[in-house]
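Please open the structure in your viewer and keep the sequence panel beside it.

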Amino acid sequence: MKEVVVLSGKGGTGKTSIAGCFAALARNKVLADCDVDAADLHLLLQPKYRRNEEFWSGQSAYIDDKTCTGCGLCEELCRFNAIRNLKVDPTSCEGCGFCYRICPVEAITMRDNLAGHWFISDTRYGPLVHARLGIAQENSGKLVALVRQQARKLAEEADYTAIITDGPPGIGCPVISSLSGADLALLVTEPTLSGIHDLERVIGVCRHFKVPASVCINKYDINEEKASEIKQYCANNGIKVEGEIPFDTSVNQAVTRGVPLVEHNDGPASRAIKQLWDNMKVLFSTN
Amino acid sequence: MIISVASGKGGTGKTLVATSLALSLKDTCRVQLLDCDVEEPNDHLFLRPVITDREAVCIPVPKVDYTKCTFCGECARVCAYKAIAVVPGSVLVFDQLCHGCGACSYLCPEGAISEEGREMGVVESGHADVIKFVQGRLTVGEAMPTPVIRTVKARIDHTATAILDVSPGTSCPVVEAVRDTDYCLLVTEPTPFGLHDLKLAVETVRQLGIPCGVIINRAVPGENLVQNYCAREKIPVLLEIPLDREIARLYSIGKTLAEGMPEWQASFKDVYNRITGAMHERSRCAQR
């Protein structure tokens with residue numbers, strides 16, 4: 001079983017549109033949406049929810065007004081400025097429990113956080129594991145790890161040969177959690193100054209965690225000069241550019257219809273993504 | 001006044017809005033631009049600032065004095081992040097898991113734990129013409145952006161109009177950046193992805209009690225998905241930027257809209273005026 005994760009560094013380069021197409025093109029796979037705080041893959045795959053589970057993670061401090069003597073020690077020692085005027089701001093509290101341990105009158109309790117939900121759903125393309133992090137919650141990395149673990153379990157139990165993962169933007173904890181131990185990262189970039197800058201950073205993360213990376217340039221014809229800069233950069237760094245997708249307004253039409261582009265039409269972007277998948281599946285030795 | 005620029009969905013144009021707003025206001029008021037998207041900071045590509053100051057961002061991690069340690073294991077018990085493990089004859093510290101809360105050093109019965117800074121990012125300050133500029137940069141391979149964001153925000157100039165460019169999403173880095181700002185501009189695009197993530201972003205800023213307005217980028221005539229939602233939720237749509245190849249081209253070469261198409265400056269000034277108007281209205285209502 002092989003796992004490919006679609007990442008980008010910069011947001012909005014087309015991760016979900018491409019992952020949605022892979023869902024339609026690949027055979028015998030489990031799908032995972034690891035962008036847990038702004039998940040969109042389900043908008044293309046129209047899942048039927050089969051399982052809905054709570055995700056409890058981390059704790060927050062609560063101060064009991066009746067017991068509290070107002071000594072202010074908790075406020076003084078909290079490094080996260082989460083206690084102001086003897087009230088805990090749950091969006092600032094990192095759940096370290098320091099205040100709970102030092103309160104001289106034991107007025108503070110730690111309560112578990114319901115930090116989100118995760119789901120297993122059926123789609124026309126196979127099972128999808130996805131999640132929704134609670135608003136303003138922490139621990140997105142742990143929820144991502146849980147989604148991947150469930151996807152792997154599903155794949156092992158039912159002999160699926162591949163996992164296709166839609167990843168989050170950035171380079172921080174949910175990205176690291178989506179990436180570590182995957183077989184391949186497909187990095188979707190665009191030919192803009194920020195696209196290149198962000199690509200370099202996410203390549204750095206792949207190197208750091210020793211995951212092989214390939215690149216796909218989306219909307220390459222918006223600026224062909226920048227697109228060839230990206231190709232040069234990849235060549236210099238021994239990274240293969242597996243696909244170049246032209247700017248095509250039908251990408252947005254497909255999103256609006258809620259279907260993967262490759263099922264929407266056979267236009268220029270759709271054909272380029274099919275070619276990309278053909279190149280990928282060789283690397284990926286599936287299908 | 002502090003204005004944060006957030007989005008939910010990535011790639012909707014936060015950087016375009018934040019940099020254009022800063023450039024449009026620089027001749028009328030003191031402006032500071034702070035790039036809080038420390039995972040992928042991009043504002044510098046557009047403003048090309050002169051960086052005059054660099055500060056390492058460190059979080060305090062425990063350091064054990066083995067001449068005092070009795071291996072009692074209290075530090076491991078009090079650590080909520082499982083960043084310390086005590087085995088016979090050794091205390092293992094997993095730096096990457098440590099949030100720097102300080103509980104272990106404070107609670108060690110032998111006073112055997114001190115703290116030392118572990119660098120995980122950098123904050124750079126300088127200026128681009130008259131715009132004061134600050135950005136944070138998380139070190140590649142590091143997981144926790146929030147300490148870097150906090151350090152960026154410690155440099156907010158409260159005598160200026162501070163504009164904060166925020167990372168995409170709705171989780172802790174977004175909350176850290178948007179918290180304590182006076183107004184949040186939410187940049188979206190008129191697609192089901194854009195709308196879905198806008199709704200999450202609105203929930204987030206509402207939970208933080210921060211007023212917000214929407215800018216629709218890559219607007220297409222007749223596509224009223226976002227307008228209809230905003231009308232229902234009584235959220236003002238402050239500006240629409242059309243889907244336009246020339247705007248996309250300018251962006252691709254690192255030119256802000258306000259610089260490449262100066263006629264847009266008036267629109268960004270208008271956005272600012274509507275925000276200040278809304279804030280005055282809000283404070284008047286609060287006084288009543």
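The tour goes from one whole chain to its parts, then to the contact between chains and to single residues.

Before selecting anything, note that this is a predicted model, in which local features need pLDDT of at least 70 and side-chain atom pairs count only at pLDDT 80 or more, while totals for chains, interfaces and linings use all residues. Residues are numbered from 1 along each chain as its sequence is written, and chains are lettered from A and ligands numbered from 1 in the order in which they are written.

Begin by selecting chain A, whose C-alpha atoms fill a box of roughly 70 × 40 × 35 Å along the principal axes. Its secondary structure comes to 11 helices and 11 strands, where helices (H or I, at least four residues) and strands (E, at least two) are DSSP runs numbered from the N terminus. Of the 287 residues in chain A, 59% are buried; a residue is buried if 20 or more other C-beta atoms, placed from the backbone, lie within 10 Å of its own, exposed if 12 or fewer, and partly exposed in between.

Next, colour chain A by domain, using bounds that come from an automatic or database domain assignment: domain 1 covers 2–46 + 124–284, and domain 2 covers 57–114. The C-alpha centres of these two domains of chain A lie 40 Å apart. Across the boundary, 6 residues of domain 1 of chain A are in contact with 6 residues of domain 2 of chain A, contact being counted if the C-beta atoms of two residues, placed from the backbone, lie within 7 Å.

Now show both chains and look where they meet: 50 residues of chain B are in contact with 50 residues of chain A. On the side of chain B that touches chain A, α4 (103–107), α6 (172–178), α7 (192–207) and α9 (245–252) of chain B each supply at least two residues, and α7(B) gives the most, with 8 residues.

Which residues does B:Gly169 contact, leaving aside its neighbours within four places in sequence? Select B:Gly169, in the loop between β8 (161–165) and α6 of chain B, and you will find A:Asp37, A:Ala38, A:Pro168 and B:Val174 in contact with it. B:Gly169 is buried because 31 other C-beta atoms lie within 10 Å.

Then select helix α1 (residues 14–25) of chain B, whose 12 residues should span 16 Å at 1.5 Å a residue, in agreement with the 17 Å between its end C-alpha atoms; the expected span is 1.5 Å times one less than the number of residues. This helix, α1(B), is mostly covered, with 12 of its 12 residues buried.

For the next stop, select B:Leu186, one of the residues with the most contacts inside the largest nonpolar core, which has 182 residues. Such a core is a set of buried Ala, Val, Leu, Ile, Met, Phe, Trp, Tyr and Cys residues joined through C-beta atoms within 7 Å. Beyond its neighbours within four places in sequence, B:Leu186 has contacts that include B:Ala6, B:Leu198 and B:Val214.

Finish with two loop residues. A:Glu106, between α4 (98–102) and β6 (108–123) of chain A, has a positive phi near 55°, and A:Glu106 counts as exposed because it has 11 C-beta neighbours inside 10 Å. B:Asp129, between β6 (113–128) and β7 (131–138) of chain B, also has a positive phi near 55°, and B:Asp129 counts as partly exposed, with 14 C-beta neighbours inside 10 Å.
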